[in-house]
Amino acid sequence: MRRFLTRLMLFVLLLAMLAGGLFTYWAQRPVTLRTSPVEVIIKPGSSVPSVARQLERGGVAMPELLFVLLARVSGNGANLKAGGYELEQGATPWSILGKLARGEVTHHVVTVIEGWEFRRMRAAIDAHPALRHETRGMSDAALLERLGIQERHPEGLFFPDTYLFARGSSDLDLYRRAHDAMRKRLDDAWAARAPNLPYKNPYEVLIIASIVEKETGQASERPMIASVFINRLRKGMLLQTDPTVIYGMGERFDGNIRKRDLQTDTPYNTYTRVGLPPTPIALPGAASLMAAVAPAPSDALYFVARGDGTSHFSATLPEHNRAVNQYQRGK
């Protein structure tokens, strides 16, 4: 038995040495690149598995599991930095990991998230150390004027995306790019809109898209959420959407919305005012823009959260009340 255990331990040790040797060999072998050079964007706040997937999507053929293991074993898992990286033929998993850990970026990035309010976008840009800050401390009105934007309110006018820039670039240029991107997306959505929608102009599409962005829990439900609000507009019903009320509360919102908040009139209170709020309430993404111009065909006028991220849609108030009792009150 002792001889058997000794041989077994030796066999396991040999297997471990072989696996370690193969792993080291893989880590130092050049990876296959879609093109050379290839530029890969790593977004801020990415986990190691997410970094591996972004590398693969960017054109770097490398097994996710092995890259994650390499990052963990080397101790670099917590050190990978966001940015734009240029990789050339001959790059190995080990050299790529080192480049990401040292932050050897060719471009820096700012990521603006779908559903953010404009003030949050400004805070993220103001805080980025690689930008040249020409707009820090500038009022929103002055910023719009510098950009040559005619609208009086900045909300919704900038497209949420990941933007690359060289160190020392002007933050004004980043705002201009984000605005140009939103204008193009909105123009495309307006041109592709379904017939007979109750919009007077593209700006109203932007408003509905921002509401859809804030109301959607499940991405696939965006067209149905848009359908509810469009059906309500057609019937002259109150939109009655909490995110607009919250937006109108501004700094007064403490995380809870109360009955008195729903009854306090503001330009954004869609419980007290018929029609659309005066401006968007967030930065909508492409999917919400398309939902606003291509809503699902339905007669739904209500929806209620089921508690699992999805919603129950109803065409009548009695049906909606039953759904509220079932999903919100547990009856």
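Modeller: Buried means under 20% relative accessible area, exposed means over 50%, and partly exposed means in between, using a 1.4 Å probe and protein chains only. This is a predicted model, in which local features need pLDDT of at least 70 and side-chain atom pairs count only at pLDDT 80 or more, while totals for chains, interfaces and linings use all residues. Residues are numbered from 1 along each chain as its sequence is written, and side-chain values use heavy atoms, with hydrogens and water left out.

Biologist: As what does N196 count at 69% relative accessibility?

Modeller: N196 is found in the loop between helix 7 and helix 8. Helices (H or I, at least four residues) and strands (E, at least two) are DSSP runs, numbered from the N terminus. The relative accessibility of N196 is 69%, so this residue counts as exposed.

Biologist: Near what value is the phi of N196?

Modeller: Most residues other than glycine have a negative phi. N196 is a residue other than glycine with a positive phi, near 65 degrees.

Biologist: As what does Q240 count at 36% relative accessibility?

Modeller: Q240 lies in the loop between helix 9 and helix 10. Its phi is positive, about 50 degrees, although Q240 is not a glycine. With a relative accessibility of 36%, Q240 therefore counts as partly exposed.

Biologist: Is the peptide bond from S36 to P37 cis or trans?

Modeller: P37 has its place in the loop between strand 1 (32–33) and strand 2 (38–42). Most peptide bonds are trans. For the bond from S36 to P37, omega is near 0 degrees, and the bond is cis.

Biologist: What is the orientation of helix 2 and helix 3 to each other?

Modeller: Helix 2 (residues 48–57) packs with helix 3 at an angle of about 135 degrees, and the axes are 9 Å apart. Axes are lines fitted to C-alpha atoms, for helices over the stretch in contact, and angles run from 0 to 180 degrees between N-to-C directions. Angles under 35 degrees count as roughly parallel, over 145 as roughly antiparallel, 65 to 115 as roughly perpendicular, and the rest as oblique. Helix 2 and helix 3 are therefore oblique.

Biologist: How do the residues of the contact of helix 2 with helix 3 divide?

Modeller: Helix 2 contributes V48, P49, V51, A52, R53 and L55 to the contact, and helix 3 contributes E64, F67, V68, A71 and R72; contact means heavy atoms within 4.5 Å. Ala, Val, Leu, Ile, Met, Phe, Trp, Tyr, Cys and Pro count as nonpolar, Asp, Glu, Lys and Arg as charged, and the others, Gly among them, as polar. The division is eight nonpolar, no polar and three charged.

Biologist: Is the crossing of helix 3 and helix 4 left-handed or right-handed?

Modeller: Helix 3 (residues 64–74) and helix 4 (residues 93–102) pack at an angle of about 60 degrees, with axes 11 Å apart, and are therefore oblique to each other. A crossing is left-handed if the near helix is turned anticlockwise from the far one by less than a right angle, and right-handed if clockwise. The crossing of helix 3 and helix 4 is right-handed.

Biologist: Which residues make the contact of helix 3 with helix 4?

Modeller: The residues of this contact divide into six nonpolar, one polar and no charged. From helix 3 come F67, L70, A71 and S74, and from helix 4 come P93, W94 and L97.

Biologist: In strand 8, what is the bridge partner of V304?

Modeller: Strand 7 (residues 302–305) and strand 8 pair in the antiparallel sense over four bridges; two strands pair if DSSP finds at least two bridges between them. The two strands form a hairpin with five residues between them, and G307 in the turn has a positive phi of about 100 degrees. A305 is partnered by S311. The partner of V304 is H312.

Biologist: Which residues point the other way from S311 and F313 in strand 8?

Modeller: In a regular strand the side chains alternate between the two faces of the sheet. Strand 8 (residues 311–314) has S311 and F313 pointing one way, and all four of its residues are buried. Pointing the other way are H312 and S314.

Biologist: Which residue of strand 6 does V110 stand opposite?

Modeller: Strand 5 (residues 108–111) runs antiparallel to strand 6 and is joined to it by four bridges. In strand 6 (residues 162–165), T162 and L164 on one side and Y163 and F165 on the other are all buried. V110 stands opposite Y163.
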